[in-house]
Amino acid sequence: SLSFPSPSPVALQVPARLMLVEEAEQCLPGHSFETLQVMLEQDHVLHVELHHPEKRIAVNMAFWREMVECFQDVGQDSSCHATVISGAGKCFMAGIDLMGMGSEFMMVEGEDRARKAWNLCRKICEYQETFSVLEKCPKPVIAAVHGACVGAGVDLISACDIRYCAQDAWFQEVDIGLVADVGTLQHLPKIMGSWSLVNELAFTTHKMMAPEVQSSSLVSRVFADKEMLLQRALEAATTIAARSSVAVQGTKVNLLCSWDHPVPKSLRYVATWNMSMLQTEDILKSVQVAMEKKGPEDVPFSKL
């Protein structure tokens, strides 16, 4: 089933270094993160940067919680239309912080094995939400990957809507004695198409370089370096942000529906969806601007 995340009581704080203080106060004020840096790069476009450079962007305890808070708020903020997510420093993500997180799973509370198992299942489901929130966010999310994208990094990007990478990017699962349980095994077979290649990646921790990743459809574009990568990712986000939010967000919802349902059910779903959404004024505005030979950025769409 498709559902949007409930509003978080905590809003984001967008650093004002890239914009006027007055503008920053109008866009997701009120909260800062330990592992994420959120910036307003263009009108209606947020850039979420994974920010833990001393660990080469290794996932720690704070990250799992902050990703959920961040993208729940992004999903509820009407001034944000699209988001780019990238890594600070030399890589996108170097897996999880094993030293910092080991005790979280090795020391599970419970009076017997059944209760420990129940509590562990609950905890795993909470961690799954860290990346599922990217799918549930109605705003398109673009992953911009450079350098290493290891373990949880693959889980993260597989939940994004669009994936780009730099020429130096490489992707790899990790062998730490467990079954990947936060999204990779569920997403990659549908994204990459080749069961053989997915199995190879999962069973052998095969290291995939940028050309192979593009040919397997895990990413749609490869750019020369990180600078060009971010430029093109932000350009794509800006193009998306200029369009009707009713159309863009509705398209994401229906694409996700088609991901999990057969064509007849997906067609029925979009028919039900559009019996109300076709009544939007955005259609008439878009047609009028097209007749005037202007672009969607010239349409004064209402917030959503």
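I began with strand S8 (residues 170-172), which pairs with S9 in the antiparallel sense over 2 bridges; this is a predicted model, and I read every entry below as such. Looking for the residue pairs behind this, I found that Trp170 has Met209 in S9 as its bridge partner.

I then looked up the sheet to which these strands belong, and found an open sheet of 4 strands in the order S4-S6-S8-S9, with mixed pairing. Strand S4 (93-94) and strand S9 (208-209) stand at its edges with a single partner strand each, so one side of each is left without a neighbour in the sheet. For the chain as a whole I noted 12 helices and 10 strands.

Next I turned to the interior, where 45% of the 304 residues of the chain count as buried. The largest nonpolar core has 48 residues, and those with the most contacts inside it are Phe63, Phe71, Ile85, Leu134, Leu156, Ile157 and Phe171. Helix H2 (residues 61-76) gives the most to this core, namely 6 residues. I followed up Phe71 and, leaving out residues up to four places away in sequence, listed its contacts as Val48, Thr83, Ile85, Val133, Leu134, Cys137 and Val141. Another core, of 17 residues, lies apart from the largest one and includes Tyr164, Leu229, Leu234 and Val248.

Last, I checked the totals for the chain. Among contacts with a separation of 6 or more, 67% join residues 24 or more positions apart. The chain exposes about 15,900 Å², of which carbon and sulfur atoms supply 56%.

Notes:
Residues numbered from 1 in each chain as written. Predicted model: local features only at pLDDT ≥ 70, side-chain atom pairs only at ≥ 80, totals over all residues. Heavy atoms only, no water. Pairing = 2+ DSSP bridges. Buried < 20%, exposed > 50% of the residue type's maximum accessible area, 1.4 Å probe, protein only. Contact = heavy atoms within 4.5 Å. Areas by Shrake-Rupley, 256 points an atom, 1.4 Å probe, with all protein chains shown as cover. Core = buried A, V, L, I, M, F, W, Y, C linked by side-chain atoms within 4.5 Å.
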